[in-house]
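Trainee: I am new to this structure and would like to learn about its charged side chains. Could we look at it together?

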Amino acid sequence: MITKDRINELLIYNGYSLFWKKNNKKAGTINGDGYIHIGIDHKYYKEHRLIYFLFNGYFPDVIDHKDGNKQNNSIDNLRSCTKSENSLNAKGKKHCKSGYKGVTYEKRYDTYVAGITINRKRKYIGSYKEPIRAAFAYNQYAEVYHKEFARLNIL
């Protein structure tokens, strides 16, 4: 297991990223999962996990990027959470035709349905003629049920 001393021996944190002390170059590469990975002593670590460890002294099971940007590793953007909390902060699905998180299009009724997942169960919010109204309804529920982990639609 890597130690704080070993990280501090090799790297320097500039407020948003880690850099190699030996040449002042940005450490790591962006891998297929979109995270920055840094190789130290023949093992790869995700940059955000190293930064969280430097500031908090432990590696939590899950670290959430508050803004959803996997490469924004400012310590203010990182927080420990559960898998469930992390999924609440996920972006909407790419294949979503409505363009909004929590909103699906019902072709047979020609309506947009708002729904939200609470404690692993899907809850129906309502049906709307315009997707923006369904997105607004989703946002209201997300603020109440998902609290600080709510990923709101931009309206």
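Mentor: Gladly! Let us start with a definition: buried means under 20% relative accessible area, exposed over 50%, and partly exposed in between (1.4 Å probe, protein chains only). This is a predicted model, where local features need pLDDT of at least 70, side-chain atom pairs count only at pLDDT 80 or more, and totals for chains, interfaces and linings use all residues. Residues are numbered from 1 along each chain as its sequence is written, and side-chain values use heavy atoms, leaving out hydrogens and water.

Trainee: Is R133 buried or exposed?

Mentor: R133 joins E130 in a salt bridge, at 2.7 Å from N to O. A salt bridge here is a side-chain nitrogen of Lys or Arg within 4 Å of a carboxyl oxygen of Asp or Glu. E130 has 37% relative accessibility and counts as partly exposed. With a relative accessible area of 53%, R133 is exposed.

Trainee: How many residues apart in sequence are the parts that D41 and R6 tie together?

Mentor: The side chains of D41 and R6 form a salt bridge, 2.7 Å from N to O. D41 lies in the loop between β4 (36-40) and β5 (43-46), and R6 in helix α1 (residues 4-10), so the parts tied together are apart in sequence by 35 residues. Helices (H or I, at least four residues) and strands (E, at least two) are DSSP runs, numbered from the N terminus.
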